[in-house]
Structure formats: structure tokens, C-alpha cells
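Take a look at the structure below.

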Amino acid sequence: MRGVLIGVVGAMAVLGVGAAVAVPEAREWYDGRHEQTSSYATGKEAKGERESVPRWLPDDAASVEYAMRTTGGERILKATLRDGRLPEPCEPLDGRSAPDPEISASWFPSGSASAAKGLCGSYYVALEGRTLYAWQTNGDWIAENRGSAR
């Protein structure tokens, strides 16, 4: 009986260690499988390839990086702007605060919400020299689509 008990306890310990390793790996796989990342030479190419890229992105923007979650409206974008100014339809935040992006990528800086300067459609935007960083939250995407459905 004692041998059986030791065997059961040993098996449970092995299963516990296996679960401790497998569960985080499974969660990372599950979360990541709904994210897509793409690179484009220009804004025009990005908008032509992917309908979800914002239309306000200038055609002549260069080195476009784009990531999105396929299960919602979370988006991040990085692009080099020729003139280093926010695109025309963008407006200043005027003291409003920006939420943090809800997805991440190695090319998108952390802490971008505190650097937000404007709002382009439903995207918050920050400029670092000629580099534009933009992000959209799922809640803002829902609100924009709810408004356009009317």
C-alpha cells in the first residue's frame, strides 16, 4: 500500500511540474495566435495590402510596421513620415490623456501613451522625430464602428 501511495504522489508531482510549464506556454500560444504583424515599404502599399491600416496614413510614409489582433480592434503602427508632421486629419489631444496600447511588438516603444500628441481617427499618435507611433484600443475601435454603422 505504501508503494502505491508513493507512486501516486510521485505521479502527481510530475503532472504538477508539467502543468506549471505547459499552461504558460499554452496561454502564450493562444494569445499570440490571434496577432498578425506585417511590414511594408510605404503607406500606400500597407493600405493596399490590408484594409485595416488607417486611411489617414500618408501614401509616402516609409518603413511601415503594423500589428493587429484579429479578435478585436487592437492595432499598433510605426511609420517614418517624410515631413515629420502629423497627417492632416489628426487633431491635438489638448490635455486629454491617451490609454496604453493593448498589444505590443519589439518595434513599438513602451510608455508611448505618455508621449501621445494627437488623435487620428480612433488612433492615438506620438511623434519621435520623423517616426510616427500610433495605436488603437479595442474600445475605441468598437466606438468608431458603432458610429459608422448608423
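The report starts with the model itself.

## The model

This is a predicted model: local features need pLDDT of at least 70, side-chain atom pairs count only at pLDDT 80 or more, and totals for chains, interfaces and linings use all residues. Residues are numbered from 1 along each chain as its sequence is written, and side-chain values use heavy atoms, leaving out hydrogens and water.

## The sheet

An open sheet is built from 7 strands, in the order S1-S2-S3-S7-S6-S5-S4. Its pairing is antiparallel. Strands are DSSP runs (E, at least two residues), numbered from the N terminus. Two strands pair if DSSP finds at least two bridges between them.

S1 (35-42) and S4 are the edge strands, and each pairs on one side only. Strand S2 (residues 62-69) pairs with S3 over 5 bridges. Lys-78 in S3 stands opposite Glu-65.

## Salt bridges

The structure holds 5 salt bridges (a side-chain nitrogen of Lys or Arg within 4 Å of a carboxyl oxygen of Asp or Glu). One of them joins Glu-35 and Arg-69, at 2.7 Å from N to O. Glu-35 lies in strand S1 and Arg-69 in strand S2, so the pair ties together parts 34 residues apart in sequence.

Arg-69 also forms a salt bridge with Glu-74, at 3.3 Å.

## A buried leucine

Leu-81 is in the loop between S3 (75-80) and S4 (91-92). Leu-81 counts as buried because its relative accessibility is 2% (buried means under 20% relative accessible area, with a 1.4 Å probe and protein chains only). The C-alpha atoms of Leu-81 and Ala-62 are separated by 6.6 Å.

Methods. Helices (H or I, at least four residues) and strands (E, at least two) are DSSP runs, numbered from the N terminus. Buried means under 20% relative accessible area, exposed over 50%, partly exposed in between (1.4 Å probe, protein chains only).
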